[in-house]
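Please look through the sequence and the model below before reading on.

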Amino acid sequence: MNEQTKIFSFELFPPKTEKGIAKLHQTIATLNARNPAYFSVTYGAGGSTQANTFATVDWARDQGINIAPHLSCIGSTREEIIGILQRYEAQGIDRIVALRGDLPSGSGAGSMGDLNHANELVSLIRERFGETFRIEVAAYPEMHPQAPNFTRDLDNFTRKVEAGAHSAITQYFYNADAYASFIDACEKRGIDIPVVPGIMPITNFSNLVRFSDACGAEIPRWLRKRLEAYGDDIDGIRALGNEVVTNLCRRLLDMGAPGLHFYTMNQAGPTLAIWDNLGLGDGPA
C-alpha cells in the first residue's frame with residue numbers, strides 16, 4: 001500500500017459555544033485543504049451532544065465535506081438509532097463510526113437503552129441499511145480500560161468485525177510495538193480489516209495525562225519524564241511532542257499501517273505540523 005492509497009483522516013468534536021463553532025469552521029477549512037479522506041465528528045455520552053453533532057455534520061455536508069459521524073448505542077432505543085441513520089443516509093453520508101459509548105454521568109442501569117455493545121450496533125446497521133454505510137469501529141492496541149484482560153478485549157473486537165465492520169480506528173498510543181502486537185494478534189484470528197492508528201499530537205502535558213488516564217492510553221515512562229522536565233515551557237513540550245509523534249507516524253507507516261487518523265482536538269496547527277513533517281503535501285489524490 002503506497003501513500004496514495006493510504007487513508008488519512010481527522011477527528012473533531014462538536015463545540016458548545018458560538019466562538020467554538022466559528023473556530024471549528026476555520027479549522028475544518030484549513031485541514032480540508034489537505035484533502036483528507038474524511039472528518040469524523042464525536043458524539044457525547046448517551047447522545048449528550050447530539051444536537052451539536054448534527055449541527056456540525058449539517059454544516060460540513062453543506063460545504064461538500066466528507067464526514068463520518070460517531071454513533072454510540074448506549075442510552076438509545078433501536079428506533080432512535082435507526083432514525084439518526086436515516087437522517088444521515090438522506091444527507092448522502094456513507095461512513096459511520098459505530099461505538100458502544102458511555103452513559104452520561106449520573107445515569108443508572110435503566111438508561112442503558114436497547115443495545116449494550118458496539119457489535120450489536122454494527123449488526124443493526126447491517127440489518128437495516130446493508131452496505132449503505134462503511135462502518136468504522138474502535139480498536140485498543142493497549143487494551144480497553146474496562147476490559148479484564150487482552151484476550152477478552154480481542155474477543156470483543158472480533159465480534160465487531162464478525163458483525164460487519166469494514167475497518168477500525170485505534171485509541172491513540174505512543175508505543176508502535178503495541179500496535180504491531182495487536183495486528184499480529186488480529187492476524188492469528190483471521191481478522192484482516194484495515195486497522196488505522198489513532199494519532200494524538202502532544203501540545204499540553206497535563207491535559208495529555210488526564211486524557212490518557214481516562215482512556216487507558218500509556219505514556220511511556222521515558223516520554224513522561226522528558227515532558228515533565230519542561231515544566232511550564234509550552235514551546236518545549238510542543239517541539240518534543242512534534243518530534244516524537246512524527247517519528248511514531250513514520251514508523252507506523254513503514255510498518256504498513258493503512259493510514260493515520262488524527263485526534264485534532266479542533267486545532268489545525270499541531271496536526272498539520274506532523275502532516276508536513278511526514279511530507280504528505282496536499283494529501284492522497
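## Threonine 271

In this predicted model, threonine 271 counts as buried because its relative accessibility is 0%, where the cut-off for buried is under 20%. Threonine 271 belongs to helix 10, which covers residues 269–277. When neighbours within four places in sequence are left aside, threonine 271 is in contact with Phe10, Pro201, Phe262 and Thr264.

## The nonpolar core

The largest nonpolar core holds 85 residues, and those with the most contacts inside it are Phe157, Tyr174, Leu252 and Leu260. Helix 9, made of residues 234–254, gives the most to this core, contributing eight residues. As a general background, nonpolar side chains tend to be buried together in soluble globular proteins.

Tyrosine 174, one of the residues with the most contacts inside the core, touches Met200, Pro201, Ile202, Leu208, Glu218, Pro220, Leu223, Val245 and Leu248, if residues up to four places away in sequence are not counted.

## Strand 5 and its partners

Strand 5, residues 134–139, is mostly covered, with five of its six residues buried. Strand 4, residues 95–99, runs parallel to strand 5 and is joined to it by three bridges; here arginine 95 stands opposite arginine 134 of strand 5.

Strand 5 also pairs in the parallel sense with strand 6, residues 167–172, over four bridges, and in this pairing valine 137 stands opposite alanine 168 of strand 6. Together with helix 5, residues 150–163, strand 5 and strand 6 make a right-handed β-α-β unit.

Definitions and conventions
Residues are numbered from 1 along each chain as its sequence is written. This is a predicted model: local features need pLDDT of at least 70, side-chain atom pairs count only at pLDDT 80 or more; totals for chains, interfaces and linings use all residues. Side-chain values use heavy atoms; hydrogens and water are left out. Helices (H or I, at least four residues) and strands (E, at least two) are DSSP runs, numbered from the N terminus. Buried means under 20% relative accessible area, exposed over 50%, partly exposed in between (1.4 Å probe, protein chains only). Contact means heavy atoms within 4.5 Å. A nonpolar core is a set of buried Ala, Val, Leu, Ile, Met, Phe, Trp, Tyr and Cys residues joined through side-chain atoms within 4.5 Å. Two strands pair if DSSP finds at least two bridges between them. A crossover is right-handed if, with the strands pointing away from the viewer, the path from the first strand over the helix to the second runs clockwise.
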